[in-house]
Amino acid sequence: DPCCSEPIAANGQQMPNPPKSSDGGRYRDTAAIAAIAAAQTPSSASLSRFEEAHVGYPIDALPKDVFDVVNALQEETKVPAELAVQGVISSLSTCYGYMIDAEPLIGRSNIPLTVWQMSSALSGDRKTTISSAATRGVKQASEEFRNNFEEHEKMTIWLSDLTVEGMANMLTSAPGCTLSNGDGAAQLKGHAFSKEKAPQTCSVLADVWSGQALSQARAGNRGEDSRFVPMPRLVIDLSTQEQFLAEFMGSELYQSQGLGARFLYYTTQSLQGTRQITLEQVLNGTPGVRLLGEYHEKLRSDHFALLERWKFGGTRDRLVIPSSLQAKQLFVDAYNWCEDRMSTNGPYRGDPFAQRLLEHSIRLAGLFACFRDTTSLSRLEISANDARSAITIAKHHLQVYQALRADAAIDEETRLALEMLDFMRESDKWTSKLVNTYASAPFRGKAKLVRRCMTKLVEMCLVKEERCDRAGPLEVSDIG
């Protein structure tokens, strides 16, 4: 079944030296957190989805050429595998997504190849490093284009702030733009997302993701300085702290507008403390240096050619990639697989990400096809392997989205209680006094908070109360 949740190798072979992948887990006690998530969601099926989402990223499902680049980037930057994948997908989307669309499976509107992504990682996990390392080729192409054509000096594809006006202004002189930022919270809490403007901003962004026309008039005028972009193309690549990602996933504003379901999400476990280097790497570089050079040169050449086509090709029409018959069958199977699970009482009933699973899959498959082609962009076609890889990866992101949404539904007191349970199990300290004395923030010296969390754990049937003296410290034991 091409739509199964099991990771599969795109070329049917075992991949050599797979990159180290984090388990993506936010809590060590995943069984406890999953039980609470299942109790607070309509379907018990969410329990298995939550647990599945905490296995590693399906690296071996990537096409072989993309896999090799991810592996080489991870060796060079020593980031979690998920961040390396995010960087590569963002680069491919920037390179090809401005001027190439995919043929729709259903309907008449072409599908943009622009992908939106968001990851959570700790400070110091080299989010900015991997972004710079992955986008070197496309950045070089855009700079060369500006230097070669003086009249195009003001053209830039790199968006600094996520505002509708700024995006509209940029897209009047460029085929697309990319927002790549290691501080996603600052972008999604900026001026455009104030209480008054956020609903409109979210609505406009949702339309832009689908490639619908963007129209923007500057405030205070009568339309003389309006901006109209018939087919906007925007790539978003954000990294943020875990706390903001939870806030974003739990926000009814972002989710009700459908904005949240348009992102692919990456949860990571930090590799800090395991990123040792060798003298040989210092002197000669990592084994993938040559491969990365070829990767950057391919993206530089392809992106420059597409910018030239946009400027001098005599047409602003985008190239459209068709799908092979076998790829179409795989997409049909993926659509029906998801539709079956959106029936009454189905696990994906009303799920906004599941409703876009097919489109996420086609976007990824289109990017894989563009990168694979080494001869002519005009003869591109999405192959069965491209589709198979993309469907598997999109299904993984559906699981992650479901898990994050379930996690966000858990109140803050429950989060703290589970965090405290982790500490008690690791330290074997089972009284409120010991936790208050030896635990780190936010529990140390916070007797009332510790007591509330203890009571919460008892109510959740994760521990049982053992104390006999009601005047003494609360003591519990692990139910396991």
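1. Ile277 is found in the loop between strand S8 and helix H12 (279-284); here helices (H or I, at least four residues) and strands (E, at least two) are DSSP runs numbered from the N terminus. Ile277 counts as exposed because its relative accessibility is 59%. On this scale, buried means under 20% relative accessible area, exposed means over 50%, and partly exposed lies in between (1.4 Å probe, protein chains only). Together with Leu279, Val282 and Leu283, Ile277 forms a nonpolar surface patch of about 460 Å² accessible area. Patches consist of residues with over 30% relative accessible area and no salt bridge, like charges being joined within 9 Å and nonpolar side chains (Val, Leu, Ile, Met, Phe, Trp, Tyr) within 5 Å.

2. Basis of the values. The model is predicted, so that local features need pLDDT of at least 70 and side-chain atom pairs count only at pLDDT 80 or more, while totals for chains, interfaces and linings use all residues. Residues are numbered from 1 along each chain as its sequence is written, and side-chain values use heavy atoms, with hydrogens and water left out.

3. The chain as a whole. The protein chain contains 19 helices and eleven strands. Of its 480 residues, 52% are buried. The accessible surface comes to about 21,600 Å², with 48% of it belonging to carbon and sulfur atoms; areas come from the Shrake-Rupley method with a 1.4 Å probe, and for residues only the protein chains shown count as cover. Among contacts (heavy atoms within 4.5 Å) between residues at least 6 apart in sequence, 73% join residues at least 24 apart.

4. The parallel sheet. Four strands form an open sheet in the order S4-S7-S3-S8, with parallel pairing; two strands pair if DSSP finds at least two bridges between them. Strand S4 (177-181) and strand S8 (263-267) stand at the edges with a single partner strand each, so one side of each has no neighbour in the sheet. From one strand to the next, the twist averages 10°. Axes for such angles are lines fitted to C-alpha atoms, for helices over the stretch in contact, and angles run from 0 to 180 degrees between N-to-C directions.

5. Strand S3 and its partners. Strand S3 (residues 116-120) pairs with strand S7 (residues 234-240) in the parallel sense over five bridges, and five bridges also join S3 to S8 in parallel. Ser119 can be followed in both directions: its bridge partner in S7 is Ser239, and in S8 Ser119 stands opposite Tyr266. Helix H10 (residues 242-250) lies across S3, S7 and S8, and runs at about 140° to S8.

6. The mixed sheet. Three strands form a second open sheet in the order S2-S1-S9, with mixed pairing. Strand S2 (111-112) and strand S9 (319-321) are the edge strands, each pairing on one side only. Strand S1 (residues 100-102) runs antiparallel to S2 and is joined to S2 by two bridges; the partner of Asp101 in S2 is Pro112. Ser323 counts as buried because its relative accessibility is 10%. Apart from neighbours within four places in sequence, Ser323 is in contact with Glu103, Lys328, Phe331, Glu381 and Ile382.

7. Salt bridges. The whole structure holds ten salt bridges, each defined as a side-chain nitrogen of Lys or Arg within 4 Å of a carboxyl oxygen of Asp or Glu. One of them joins Glu76 and Arg136, whose closest N and O atoms are 3.9 Å apart. Glu76 lies in helix H3 (residues 64-77) and Arg136 in helix H6 (residues 136-148), so the pair ties together parts that are 60 residues apart in sequence. Glu144, Glu297 and Arg300 are linked in a network of salt bridges.

8. Arg363 and Glu359 meet in a salt bridge of 2.8 Å, N to O; both lie in helix H15 (residues 357-372), four residues apart, about one turn of the helix. Arg363 is buried at 1% relative accessibility, and Glu359 is partly exposed at 21%. In helix H13 (residues 289-312), Arg290 and Glu294 are likewise four residues apart and form a salt bridge at 3.7 Å, N to O. Arg290 is exposed at 68% relative accessibility, while Glu294 is partly exposed at 46%.
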